[in-house]
Amino acid sequence: MEVAYGHPKSLVPIQTKYCPGCGHGVVHRLIAEAVDELGAQDRSIIMNPVGCSIWADLYFDFDSVQVPHGRTPAGATGVKRMRPDCLVICYQGDGDLAAIGTAEIVHAANRGEKFTTIFINNAIYGMTGGQMAPTTLVGQKATTAPHGRDPDVAGMGYPIRVCEMLSTLAGTKYIARGAVDTAANVRKTKQYIKRAFEAQLRGVGFTMVEVLSPCPTNWQMSPTEAAAWVASDMVPAFPLGEIKNELSSPSATSTAAGGAT
Amino acid sequence: MIEEKRLMKGNEAIGEAAIRAGCDAYFGYPITPQNELTAYMASGMLDQGRVFIQAESEVAAMSMVYGAAAAGGRAMTSSSSPGVSLKQEGISYACGADIPCVVVNVARAGPGLGGISPAQGDYFQATRGGGHGDYYHIVLAPKSVQEAADLTYEAFALAEKWRMPVMILADGLIGQMMEGVSLPPPLPSRERPSRPWAAGAGRPGASNHLTSLFIDPPDLEAKVMARFERYEEIARERASFEAVNVDKAELIFVAYGTASRVCLGAVQAAKEMGLELGLLRPISLWPFPKDELARLAGKGKRFLAVEMSMGQMVDDVRLAVNGTVGARVAAVDFYGRTGGIIPSEEEVLAEAKRLMGWK
């Protein structure tokens, strides 16, 4: 009998440390599935950031490099330049990418570094316990925004739309935003990730997939409520879809046909 | 075959030596007085199809070095004092993840922006583990363009042997001045050690994880302790110095880099007056050549540390001498200039004569 669905080879079969309802585990699985489908396990390297997903090296069954907070794209630049044939996956959260590492992501994108950034946007700092992130929504509460993010009186600024910002840079070739709140969005996100990986292996330029991801613990919601909040509050602020697609080669379209839409 | 001597700036000689040592990737950011080095690497590396990136910051440049070295490359960055402060983040991580790389500091005067003239105020930062955490790394201090080239060439092999960053601590004078230099031969790639621990090495057996994170305290303690055992071995094997007239002299200058050139001039000037002075020049600042200093202290020698700072290395001289059987009480004196001023031979000689009670 043919096995239609199993544990991805590139994912170590252990339980993760992630909280119930957290999106990291889902995205890890999507990455591992895409790596397996591309037959790239032996040449994949995950750059794990500082944040909850610092544990990524426990879960992916391929090489990993852990770098200082926010320097993930700089570290990935060094790795990819030395190992151009490897699939380099730069995994970052919103604090890592859009606060402390803003310079690194902007310049790596602008240089057109040929790795793929997977950007987990859960609008909060997870590991440190629920502080305001650059992507925290206006009005959303955090330990450091106790009355909600207030751009006016408290001067807390506005949520940064990273995909839209980076898409203005000539070095970026593929930028998409998915979510893992529903089965349909999970499937679409997988497709974006695979498309980005394939583009990386063709060496086209900077590729990134942002994923809107629930953090029930720090949002102080149940997993179900958190998934619903992604759809009701996050998606309007961070529109889903391919924000920029300059993958002109025909294989980009053929890949699209392979997945659920 | 001995290559003919070339006239080169120290910054350029460091760059050429790095290229000949097989540097695969260089990442830097502009800062005076090391800009010739970045420019030299730009043309030298790109012309040979190697990796050169002018990074968005010193912080990023160091993490690029970390990444390239973690992936098995011979990687290097260079800067000057304010920029090296920024690199300390990545240096700490490289020390914590046992990642070999080369960092060059063509030092200038501080603190803050300070000035662009040569200085030795970065000694503490370089030799005490300048970032956060419990670590050291090798620090080598050239006195000339020739030695800058030789130590840079050696630094890559030392970094790989001991799995740590190696810092070349020069200063603006060494970087900017021109001298004749015989360059080491290009290293054939087959003579470089293999790096089965690197990311992307093809997973021989299991996955390679390069990280400085050990969240369980007993794990981290064991890791750090093993590293400190390695430090002991390095101290035995690589502590290095140059000694001039130390047997005849009662008073010995202790100085490194540019300051040691001044002291050597004072030793020679004293000789012409019939006075005996010595020079002990540490070449490795970490590990510090403390055994040789203790040996000399045990013979009743006195020391005059001369630095282009308000006195940093002098602490290591005192630590080496203190408690040595036979050592004089208060055997260590200090003379220094700071702010980018290089002391003159005349003033260090005058200080030596004053201490010795010579007219």
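Biologist: How many bridges join β11 of chain B to β12 of chain B?

Modeller: In this predicted model, four bridges join β11(B), residues 251–254, to β12(B), residues 277–282, and the two strands run parallel.

Biologist: Which residue of β12(B) stands opposite L251(B)?

Modeller: L251(B) stands opposite L277(B).

Biologist: What sheet do these strands belong to, and in what order do its strands come?

Modeller: The sheet is open and has five strands of chain B, in the order β10-β12-β11-β14-β15, with mixed pairing. From one strand to the next, the twist averages 20 degrees.

Biologist: Which strands stand at the edges?

Modeller: β10 (241–244) and β15 (332–336) of chain B do, and each has a single partner strand, so one side of each is left without a neighbour in the sheet.

Biologist: Which sheet strands does α9 of chain B lie across?

Modeller: Helix α9(B), residues 257–272, lies across β10, β11, β12 and β14 of chain B, and runs at about 160 degrees to β12(B). Helix α12(B), residues 345–356, also packs on the sheet, where it touches β11, β12, β14 and β15 of chain B. The direction of α12(B) makes about 155 degrees with that of β14(B).

Biologist: Turning to domains, what does the assignment give for chain B?

Modeller: It gives domain 1, covering 6–238, and domain 2, covering 242–356. Their C-alpha centres lie 28 Å apart. The contact between them takes 27 residues from domain 1 and 22 residues from domain 2 of chain B.

Biologist: Which elements give two or more residues on the domain 1 side?

Modeller: They are α5 (123–127), β6 (138–140), β7 (165–171), α7 (172–176) and α8 (217–238) of chain B. The largest share comes from α5(B), with four residues.

Biologist: And how do the residues of that side divide by class?

Modeller: The domain 1 side that touches domain 2 has 18 nonpolar, six polar and three charged residues.

Biologist: Now the contact between the chains. How many residues does each one give?

Modeller: Chain A gives 27 residues and chain B gives 33 residues. On the side of chain A, the elements that give two or more residues are β2 (63–66), α3 (72–82) and α5 (102–111). Of these, α3(A) gives the most, with eight residues. The chain A side divides into 12 nonpolar, six polar and nine charged residues.

Biologist: In what sense do β2(A) and β9(B) pair?

Modeller: They pair in the parallel sense, over two bridges, with β9(B) spanning residues 209–210. The bridge partner of V65(A) in that strand is L210(B).

Biologist: What about the helices: at what angle do the axes of α3(A) and α3(B) cross?

Modeller: The axes cross at roughly 40 degrees and come within 6 Å, with α3(B) covering residues 58–70. The two helices are therefore oblique to each other. Their crossing is right-handed.

Biologist: Which residues of the two helices meet?

Modeller: From α3(A), A74(A), G75(A), A76(A), T77(A), G78(A), V79(A), R81(A) and M82(A) take part. They meet A60(B), S63(B), M64(B), V65(B), Y66(B), G67(B), A68(B) and A70(B) in α3(B).

Technical notes. Residues are numbered from 1 along each chain as its sequence is written. Chains are lettered from A and ligands numbered from 1 in the order in which they are written. This is a predicted model: local features need pLDDT of at least 70, side-chain atom pairs count only at pLDDT 80 or more; totals for chains, interfaces and linings use all residues. Two residues are in contact if their C-beta atoms, placed from the backbone, lie within 7 Å. Ala, Val, Leu, Ile, Met, Phe, Trp, Tyr, Cys and Pro count as nonpolar, Asp, Glu, Lys and Arg as charged, and the others, Gly among them, as polar. Two strands pair if DSSP finds at least two bridges between them. Domain bounds come from an automatic or database domain assignment. Axes are lines fitted to C-alpha atoms, for helices over the stretch in contact, and angles run from 0 to 180 degrees between N-to-C directions. Angles under 35 degrees count as roughly parallel, over 145 as roughly antiparallel, 65 to 115 as roughly perpendicular and the rest as oblique. A crossing is left-handed if the near helix is turned anticlockwise from the far one by less than a right angle, and right-handed if clockwise.
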